[in-house]
Amino acid sequence: MKHTIYDAHCHLFHKGHITRRILHSLLDLMSDLDTLVAREKSRTDIENAQKVKVASLIKRIINVINLLMSSSSKEVMLKLKKQYKGFDVIFVPLSYNVASCFQESYTQDISSFSSRKDHELLMTVRDNILTLLDKYMHRLEHYKIFNQLQSLHTRLDELISYRNNKEAELDSKDIFMFQVNQLQELKSMYPDHVYPFFYVDPRHSQTLTLARELVGKDKPFLGIKLYTPNGYSPLDPNLMDLYDFCQSNQIPITAHNSNSGFATFVKKLEIKGAFYFDGHVIEHSGWIEFDTDFFSGPGAAIVERAKKLNHPKLWEKVMLTFPELRLNLAHFGGEGKDWQEIVIQLMLKYPNLYTDLSCQTEQSMLQYIKKKFFPLAPHKFLYGSDYYLNMFFIDSFSQYLTNFFNVFTEAELEKMMYYNPGVFLFDRQQSYLS
Ligand SMILES: [Zn+2]
């Protein structure tokens, strides 16, 4: 096994960055906890197995909150580095702008998102979490986990009050630029070990301009990050120049491409380009309305938005126009087996199309992928962690790594963790391919 490996998909967010996104995932975890505890009929008959599950969920939540409270991208990176024990790791941190999720139309000014809407969202999440916590405190107080819950309560309060103060200082646009600046600093501190990707939203012309300045060989950012369920189409006409620029300059793009993840909060959305519906790519520029409402059930809302705005059939259209585009459709479909079938076909057809297995936290899913898809395109799979978002779904980072080492052979891991990322990121043509 090589000593040097790539984590081709990670995030180095910290407490000043995108906490609302993370608070939402936190809320999901809390509702898992709710379901677990709801199964308990009375205080006395909580089974041991149930207690273990509750305790491990609480541990997970506390772990994530501790990560969230990190004060810089560097601190998060060093924490992640430690998790890889003996390996020399090269990190590919992807940036993100949560303000995208609030945007309804192209003309809306994103700097106005900061105050009222953000605050409302934060308060909804906070109230939900605190209600759940109070419930557990009362129900579980005679168990050992009571102490853990109390520390969770305290950490959450710290986080929320930090966020509220910070909110007053920075608007959403600043929060994104703050993230961009920190990644630039990190790149200058660790030039050979950090290759950040720059987040682009085609509705924000500034990001399109900055991409040309900041992204490329010998620039602070190596590639582009897209996250279309935030509220835009992969076929947005504003992205065409960017694809052209990336294709001509061999600039890699990583696009979130899973049937889950995160999505726009709005119900009515202005899009340009096309969306996917009922088995078809539908060309459309104008308003669309989602059937689901994000705040009455994020789960179903995310699935609907992922399908409409990020279905791999939309990306197939992008590849038809830019067949040499160096694109990573990240997460290999998430849990969507139908998405995986399409992505593998696209990878077989287009030489520069890749996927990554970041945030695949279930060993059984990795086994399924290895058996069914990996042998078809072994040079197209990249390893990634999605740190620390993966920590919402698994008890420990060492378990995350162990899953990969249990499922794949050393030779396969070398491909995913070293050779393939080398080709995707730097166009290093590999002798091992011959
Ligand atoms: Zn990610």
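Author: Let's begin with strand 6, residues 268-271, whose covered face carries L269 and I271, while K268 and E270 are on the uncovered one. This is a predicted model, in which local features need pLDDT of at least 70 and side-chain atom pairs count only at pLDDT 80 or more, while totals for chains, interfaces and linings use all residues. Residues are numbered from 1 along each chain as its sequence is written. Helices (H or I, at least four residues) and strands (E, at least two) are DSSP runs, numbered from the N terminus.

Strand 6 has a partner: four bridges join it to strand 9, residues 286-289, and the two run antiparallel. Two strands pair if DSSP finds at least two bridges between them. Within this pair, E270 of the uncovered face stands opposite W287 in strand 9.

Strand 1, residues 4-10, gives you another example. Five of its seven residues are buried, so the rest of the structure largely encloses this strand. Here a residue is buried if 20 or more other C-beta atoms, placed from the backbone, lie within 10 Å of its own, exposed if 12 or fewer, and partly exposed in between. Strand 1 runs parallel to strand 2, residues 88-93, with five bridges joining them, and Y6 stands opposite I90. In the chain as a whole, buried residues make up 44% of the 434 residues, and the secondary structure comes to 14 helices and twelve strands.

Six of the strands form an open sheet in the order 3-4-5-10-11-12, with parallel pairing. Its edges are strand 3 (197-199) and strand 12, each of which pairs on one side only. Strand 12 is joined to strand 11, residues 353-356, by two bridges, and F381 in strand 12 is the bridge partner of T355.

Strand 10, residues 327-333, holds F332, which has a positive phi of about 40° although it is not a glycine. With 30 C-beta neighbours inside 10 Å, F332 counts as buried. Most residues other than glycine have a negative phi, and most peptide bonds are trans.

Now follow the loop between strand 12 (381-382) and helix 13 (397-407), where you will find N390. In this loop lies D386, a residue other than glycine with a positive phi near 70°. D386 is buried, as 26 other C-beta atoms lie within 10 Å. Y388 is in the loop too, and the peptide bond from Y387 to Y388 is cis, with omega near -5°.

N390 has 19 C-beta neighbours inside 10 Å and therefore counts as partly exposed. Leaving aside neighbours within four places in sequence, N390 is in contact (C-beta atoms, placed from the backbone, within 7 Å) with C359, T361, S385 and Y400.

Methods
Contact = placed C-beta atoms within 7 Å.
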